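Please open the structure in your viewer and keep the selection panel at hand.

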Amino acid sequence: MTYEKERNKIIETCLKLQKAGYFPGTWGNVSIRCGDVIIITPSRICYNIMKPEDLTIIDIDGKVTEGIHPPSSEKEVHRQIYQNREDIYAIVHAHTPYAMAASAMEIEAVPCLVEEMSQLLGGSIPVTQVYVPAKEHARLGEAAAAAIGNKNGVLLKNHGPVSCGRDIEEAVLTAEIIEKVCQIYLSVSRPDRFCPIPEPFISSERNRYLYQYGKENT
Ligand SMILES: [Zn+2]
């Protein structure tokens with residue numbers, strides 16, 4: 001079996017996120033990109049019985065190259081984001097209540113309200129502008145890949161959050177920050193009255209997180 005380490009990491013992540021309430025039922029999915037392939041959770045297999053060999057491997061064109069189960073029905077969201085973004089190596093799609101609520105609001109994005117957003121997400125969290133039914137897999141992927149731009153997270157309209165990272169730990173942390181930020185955003189009676197972080201600070205904080213964080217003396 002190939003990619004054993006990554007398969008185990010995905011299962012560990014799914015169990016952790018299920019326990020945290022991020023994955024009700026078999027909703028939610030996780031993938032890791034390794035070279036030319038994407039290792040992704042299969043469709044409709046319960047996380048608590050999932051074994052490493054149950055995971056599916058697809059190539060960047062979406063063709064299954066290894067595995068006995070079909071890949072997650074939302075594989076196009078993962079695949080099309082990877083295709084557009086060479087800097088992303090892991091993706092988590094969760095079904096969490098605050099992010100799902102924000103995805104149903106008439107907004108273009110959740111504004112960049114707190115520092116974690118500048119650093120991890122690269123600013124605001126865009127929301128895809130048209131609801132795409134789950135069965136329209138390719139359109140859902142196109143909408144996600146177009147809306148995310150160079151950010152590390154996106155909300156699928158009337159659906160839920162997608163978070164990305166340079167590794168699986170960062171994608172999980174980003175999922176946690178998205179949920180927390182959406183909770184903050186929805187906790188006030190007039191979310192439009194929030195004052196976002198000024199644009200120059202968003203890019204300077206993002207660059208500091210990417211290139212200087214952990215290397216500074218002060
Ligand atoms: Zn979903």
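A residue is called buried under 20% relative accessible area, exposed over 50%, and partly exposed in between. Arg139, with a relative accessible area of 38%, is therefore partly exposed. Please bear in mind throughout that this is a predicted model.

Next, select the zinc ion. Which residues coordinate the zinc ion? They are Glu74 (through OE) and His93, His95 and His159 (each through NE2), at 2.1 to 2.2 Å. The 4 donor atoms subtend angles of 85 to 161°, so the arrangement is irregular. Along the chain, the donors follow the spacing E-x18-H-x1-H-x63-H. His93 lies in strand E5, whereas His159 sits in the loop between strand E8 and strand E9; the pair, 66 residues apart, links distant parts of the chain. His93 counts as buried because its relative accessibility is 0%, and His159 is buried at 9%.

Now select Arg85 and Asp87. Their side chains meet in a salt bridge of 2.8 Å, N to O. Arg85 is buried at 8% relative accessibility, while Asp87 is partly exposed at 37%.

Then select Arg166 and Glu170, whose side chains meet in a salt bridge of 2.7 Å, N to O. Here Arg166 is partly exposed, at 39%, and Glu170 is buried, at 8%. Elsewhere, salt bridges that share partners join Lys9, Glu12 and Glu169 into one network.

Finally, select residues 8–186, which an unreviewed UniProt entry lists as "domain: Class II aldolase/adducin N-terminal". This span is 37% helix and 20% strand, and its end C-alpha atoms lie 35 Å apart.

Definitions and conventions: Residues numbered from 1 in each chain as written. Predicted model: local features only at pLDDT ≥ 70, side-chain atom pairs only at ≥ 80, totals over all residues. Heavy atoms only, no water. Donors = N, O, S within 2.8 Å, 3.2 Å for Na, K, Ca; no water. Tetrahedral: all angles 85-135°; square planar, octahedral: opposite > 155°, others 65-115°. Helix = DSSP H or I, 4+ residues; strand = E, 2+ residues; numbered from the N terminus. Buried < 20%, exposed > 50% of the residue type's maximum accessible area, 1.4 Å probe, protein only. UniProt positions renumbered as here; feature names shortened; annotations may be inferred. Salt bridge = Lys/Arg side-chain N within 4 Å of Asp/Glu carboxyl O.
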